[in-house]
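This briefing is meant for someone meeting the structure for the first time. It begins with one pairing and then moves through the fold topic by topic.

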Amino acid sequence: MATGKSYKWIQVLRFVVQAGIIAAVFWAGFNTKIISEALLYTVLLVGVFFCGWVCPFGAVQDWAAWLGRKLHLPRLRVPQRVQQYLQLSRYALYFLLTLGIVVSMFKGPFHFSMLLRGVFYTAGAVVVICMIVLALFTDRPFCNYLCTGGAKMGLFSVLRIFGIRRNTAVCGGCGQCSRKCPMNIDVARTDFVRHPNCIGCLQCVSACPKKCLKYTLMPAPPPKRV
Ligand code: SF4
Ligand code: SF4
Ligand code: SF4
């Protein structure tokens, strides 16, 4: 019977890519704005791989989670019945931000988006530090609940043509894929993952002991979504 061990290399590759991107940003002076905008267009094709493989702050949260596991810190996981509502927070923030920008086109200098931006800039450093500390205990807290950039890409990604397919004939229902998902997506209970929160990290694929998750062309329309 097939084992999942051969797919572990995907996560080693992901770590190397994340570390390489951070090294490039710091030492080669990459223009991250151009890179991220170019990658946004790939979202429609392959999903939000940017978040799983490229984004430096995503990588930092992954590494904090790794450290938390090594230190045997307690792991917090939001139950699915709460997650289904809580995960909307980043979309609500994105909506508020967009609304603020639109309103600002018609108002004077003291408008909502300025206020929001001011709050963001002032609280930014505190939020970053809090999120890194929180990531020691739970996976990707900023990505899951606060990131408006991730929300924007996620909304585009529901149109993507590649995604993760679960071979239901082989799946043993162990739930490892769901437990490993840093975005708390219940992979074990869907046939095709097209969730807007999916960051394309493929940790579910690596975790599956039966190798029944594959990154592949999605059917259209999908038979089931999570
Ligand atoms: S959700 Fe935001 S912070 Fe997280 S990886 Fe994506 S862009 Fe980066
Ligand atoms: S569903 Fe799989 S690829 Fe998507 S975020 Fe979860 S673990 Fe990563
Ligand atoms: S890890 Fe693999 S076998 Fe286990 S529930 Fe997920 S898809 Fe099925």
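Which residue in S3 does Ile-164 stand opposite? In this predicted model, the residue in S3 that stands opposite Ile-164 is Tyr-215. The chain as a whole contains twelve helices and three strands, and buried residues account for 31% of its 226 residues. Among contacts between residues at least 6 apart in sequence, 77% join residues that are at least 24 apart.

**The sheet**

- The three strands form an open sheet in the order S2-S1-S3, and the pairing is antiparallel.
- Because S2 and S3 stand at the edges with a single partner strand each, one side of each is left without a neighbour in the sheet.
- Strand S1, which covers residues 162–166, is joined to S3 by five bridges, and the two run antiparallel.
- S1 also pairs with S2 in the antiparallel sense, in this case over two bridges.
- In general, the strands of a sheet pair through backbone hydrogen bonds, in either a parallel or an antiparallel manner.

**The nonpolar core**

- The largest nonpolar core has 36 residues, and those with the most contacts inside it are Val-48, Phe-50, Cys-51, Cys-177, Val-187, Ile-199 and Cys-204.
- Two or more residues of this core come from each of helix H4 (49–54), H5, helix H8 (112–135), H9, H10 and helix H12 (203–207), and H4 gives the most, with five residues.
- Val-187, when its neighbours within four places in sequence are left aside, is in contact with Arg-166, Cys-177, Ser-178, Cys-181, Val-193 and Cys-204.

- H5 has 15 residues and reaches 21 Å from its first C-alpha to its last, which is close to the 21 Å expected at 1.5 Å a residue.
- The buried residues of H5 are Gly-58, Ala-59, Gln-61, Asp-62, Ala-64, Ala-65 and Gly-68.
- An α-helix has 3.6 residues a turn, so residues three or four places apart point the same way.
- H5 is followed by His-72, a residue whose phi is positive, near 60 degrees.
- Ile-132, found in helix H8, touches Val-60, Gln-61 and Ala-64 when residues up to four places away in sequence are not counted.
- The C-alpha atoms of Ile-132 and Ala-65 are separated by 8.8 Å, although the two residues are 67 residues apart along the chain.
- Ile-132 is classed as partly exposed because it has 17 other C-beta atoms within 10 Å, whereas a buried residue would need 20 or more.

- Ligand 2 has 15 residues around it, of which Cys-181, Cys-198, Cys-201, Gln-203 and Cys-204 come nearest, and its shell divides into eleven nonpolar, three polar and one charged.
- Ligand 3 also has 15 residues around it, of which Cys-171, Cys-174, Cys-177, Ala-188 and Cys-208 come nearest, and its shell divides into nine nonpolar, four polar and two charged.

**Positive phi angles in two loops**

- Leu-202 is found in the loop between strand S2 (192–193) and H12, where its phi is near 65 degrees, a positive value in a residue other than glycine.
- With 21 other C-beta atoms within 10 Å, Leu-202 is buried.
- Lys-211, in the loop between H12 and strand S3 (213–217), has a positive phi of about 50 degrees although it is not a glycine.
- Lys-211 is partly exposed, with 17 other C-beta atoms within 10 Å.

Note on methods
Residues are numbered from 1 along each chain as its sequence is written. Chains are lettered from A and ligands numbered from 1 in the order in which they are written. This is a predicted model: local features need pLDDT of at least 70, side-chain atom pairs count only at pLDDT 80 or more; totals for chains, interfaces and linings use all residues. A residue is near a molecule or strand if its C-beta atom, placed from the backbone, lies within 6 Å of it. Ala, Val, Leu, Ile, Met, Phe, Trp, Tyr, Cys and Pro count as nonpolar, Asp, Glu, Lys and Arg as charged, and the others, Gly among them, as polar. Helices (H or I, at least four residues) and strands (E, at least two) are DSSP runs, numbered from the N terminus. The expected span of a helix is 1.5 Å times one less than its number of residues. A residue is buried if 20 or more other C-beta atoms lie within 10 Å of its own, exposed if 12 or fewer, and partly exposed in between; C-beta atoms are placed from the backbone. A nonpolar core is a set of buried Ala, Val, Leu, Ile, Met, Phe, Trp, Tyr and Cys residues joined through C-beta atoms within 7 Å. Two residues are in contact if their C-beta atoms, placed from the backbone, lie within 7 Å. Two strands pair if DSSP finds at least two bridges between them.
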